[in-house]
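Reader: Before I plan anything around this model, I would like to go through how some of its parts meet. Could you take my questions one at a time?

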Amino acid sequence: MTAPLIEVRNLEVSFPAATGRLTALRGVDFHVNAGEVLGLVGESGSGKSLTMLSIMGLLPPSVQVTGSVRLDGEELLGQSERALRRYRGRRIAMIFQDPMTSLNPVIPIGDQIVEAIQIHQPQLSRRAARARAVDLLAQVAIPDPQRRAGQYPFEFSGGMRQRAMIAMALANDPELLIADEPTTALDVTIQAQVIEVMERLRRERGIGLILITHDLGLVAGVADRVAIMYAGRVVEQAATSEVFYRPRHPYTRRLLASLPRFDDDVDRLATIEGVPPSPARRPPGCAFAPRCLETIARCTADDPMPRLVGASTVACHRADEVPA
Amino acid sequence: MRALGTLRRMGLPMIIGGLIVLFWVVVALTIDLWSPYDPFSIAGRRLRPPSEAHWLGTDALGRDVLIRTLYGVRHSLPIALLVVVVSSLGGALLGAIAGYVGGKTDAVIMRLVDITLSFPAILLAMAVTAALGPGLGNAAIAMVVVSWPVYARLMRAQVLTMREREHVEAAIAAGAGRVRVLTRHILPLCWSPVLVNATMDLGQIVLLAASLSFIGLGALPPTPEWGQMIAEGAVNFYQWWVALGPGLAILSVVLGFNFLGDGLRDLLDPRSP
Amino acid sequence: MLRYLVRRLVTMPLLLLGIVTIAFALSNLTKGDPLISIIGERQMDNPEIVAAAKARWGLDRPLPERYLRYVGNLVQGDLGISLRTKQPVAKDLMTRLPATLELVLAAMVVGVGGGILLGVIAARYRNRAADHAARFVALIGSALPVFWSGLLLLFVFSVLLGWLPGPGRLDARLTPPPGVTGFYTIDALLAGDFTTFRLALTHLILPACVLGWAVMGIISRLVRSSMLDVLAQDYILAARAKGASGPRVLVNHALRNAMIPTLTIIGFSFAYLITGAVLTETIFSWPGIGSYTVDAARSLDYPAIMGVTIVGGSAFLLTNLVTDIAYAVVDPRVKLG
């Protein structure tokens, strides 16, 4: 079996706070193979964005990051800022959630793409870079790209802005794409468009993708594998079909149950009562136990570690009991 | 216990500012009791550098510079206080009326504000003082003329915001008259930016007064006013100590009120971190 | 945006008229007799001069007519005759304008440049030693009385250290370069006279720095807070995610956005500089409008005082308008939105 494109092992992130050190990520494990799509799912505060920022080394120096992040076998954690900059935007590219705030409002879009190109390919002339930027805009199906390149972000529609961000991310032919909630800020009708463009280009170039989202429907349609995050840990990780048809973690099951379905005639949507614990107030034992309906005595005492159960990696004491 | 909590929230700069202001107030009130020299009489040889007897040396007439500097606060601070109180209250009143009544009154008052603010402060103050005749009193009038517009603008903006608040509508619906609504429901919420600005203005007015005196339009000799003393220092350029005291005094007062005002703003603004 | 600018241009004449009216009112206040404000107390006994003044300014006529005369004279550029120099005030001002402009522009370079630098440093190293140091320097600058810091620094650098020359635009024995712009520095360069250029420059440094320091305070404070706001924005993180280096992010992305609100302050700091120039020029024997004003104030030269006030107010009004236009031009959201 070939080595995965990116492999994250035991990623721990902690930062100083008024009450001492808080651990936001407690041992995150996952991997993505080349050309594959991993869907990273979780509620707000589960640590999804934090995981991505720590992969890119974009957290402030007061935040402590331990563990291992290997891209093509190269260890990223511990590398100097200067070295990491060579990865960012070139080997790993990121697409942010809100394209309106993620694009500099006073610089034309074309120039921002040109900047992405020139940072990593300084030998290219400005003209060549500009041509490439226009070409990229065309590839993400932005009409009249030559003229559009000279426009400012506020002159683009929401969907176009996001596609421009995709173009910028692809500018230097990255191996891995990280998309942080790429469709959350968009209208439902536009979401499909953006995803279609992203997926097409990704597949054409064989780029790996980590798709961060809370939208299970999106994951079902696009991802090859899924990792579910809760309170700073990956609680279930498996192929998409496994996760959807044979969910083994109680949290996953409740998530799936809360999805509205066409064929169901219900008065109320199912919800999960309570909220995820903040890093400062995590209970001993399993972090999900307070909201879980299937707890046993062990759950409040022992924090379950992820283990292989069937075709999934699950962090639950009862994972192998529950009918598959 | 609550005092300690407020003290901590104040932050170091504000405490320093408060101490500076306190120092000068104490000096102003008590200096007659302990001053070894009289600020108007000759205390030693003329133009002597700092020594044990005269910590900041003596000026061109042989008066002790340090003592004159300390006495200076009696001329600067009360004037500044008077000017700020009058201009802030007057300006705020006009601004409140403009904001609340609106219409033509608002337009007239705001035009006056705009015109007055079209002048750089010192030019207008100079022109007014010159027209009225040199002297600290006329300078005070000039400074009031120069300062009131800012308060009018501040107050008007506040009133315009507060006017739309629900409790005001409720009061009107309950039958309260216009004056009552203004004084009891709107104004109490509006005073904090005015207070902050007034505090910082105290330092600025001391500076402006000193500038006017420096030119010869404010305090006249032999008054130990800081600006006036610096003018004397400019004449006796090589005797650097003559200007040192009053300059440091002005610097400390301006800093003190700036810190105090900044700290006040942080304290009074519930939104700031 | 265009509508807004047109509105501003229309209110300008009104405000100018307001300025003139205030000056008129003030000149009528002088000891109750406007005649004094025109010819000075000492000349009151001279019937010829009194008659001439009365004719020119219509002093025997009722108030409204006097006002119209006044405004009319002003529009023609007649600001009266200076009691001190016996020259038309307008001519005096024109002669002295280049000196002040040179000083103010140099001070703006120092103040704005220094202010931006200090603000960026303070924002970049927020809450660390560099931040506190930068803010302290800026703070002192805005609290220092300019006429005092000028004295002190002049003493330190000219007398004590001998690094910089004394007051004045040039050494007393030198002749100024042939006047093209009136700026000694530029004129000397244009004439190829490098000795004079160097001298003019060294004479310019100290007053420019003293004046500029006063402005550094407000500018650096605003730059710092704007930068902090901007640095917290998502597009800064996105830029870093593209692989942009620290300096590139700071300058291309952060500063570019932070400068927009800073522009208004730059325009506003012009007023500070005018204020400061009045006092700085006196200390440095700089023959500009500022020292002219102080001389006028000291000798109660009413025509000159009123003249400077009107001109100063109008200039101030103009710079504010220019700043507003510049703001609209720089922020594309305002320009096109």
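Reader: Is the crossing of α4(A) and α7(A) left-handed or right-handed?
Author: This is a predicted model, and in it helix α4 (residues 109-120) of chain A packs with helix α7 (residues 158-170) of chain A at an angle of about 20°, their axes lying 8 Å apart. Because angles under 35 degrees count as roughly parallel, α4(A) is roughly parallel to α7(A). The crossing of α4(A) and α7(A) is right-handed.

Reader: How many nonpolar, polar and charged residues does the contact of α4(A) with α7(A) have?
Author: From α4(A) come I109(A), Q112(A), I113(A) and A116(A), and these meet A164(A), A167(A) and M168(A) in α7(A). By class, the contact of α4(A) with α7(A) has no charged residues, 1 polar and 6 nonpolar.

Reader: Which element gives the largest share of the side of chain C that touches chain A?
Author: The contact takes 21 residues from chain A and 18 residues from chain C. On the side of chain C, two or more residues come from each of α10 (234-241), α11 (246-283) and α14 (332-336). The largest share, 6 residues, comes from α10(C).

Reader: Within chain C, which element gives the most to the side of domain 1 that touches domain 2?
Author: Chain C is divided into domain 1 (2-75) and domain 2 (89-330), and their contact takes 13 residues from domain 1 and 11 residues from domain 2. On the side of domain 1, α1 (2-29) and α2 (34-39) of chain C each supply at least two residues. With 10 residues, the element that gives the most is α1(C).

Methods: Residues numbered from 1 in each chain as written. Chains lettered and ligands numbered in written order. Predicted model: local features only at pLDDT ≥ 70, side-chain atom pairs only at ≥ 80, totals over all residues. Axes fitted to C-alpha atoms, helices over the stretch in contact; angles between N-to-C directions. Helix = DSSP H or I, 4+ residues; strand = E, 2+ residues; numbered from the N terminus. Parallel < 35°, antiparallel > 145°, perpendicular 65-115°, else oblique. Left-handed = near helix turned anticlockwise from the far one by under 90°. Contact = placed C-beta atoms within 7 Å. Nonpolar A, V, L, I, M, F, W, Y, C, P; charged D, E, K, R; others polar. Domains from an automatic or database assignment.
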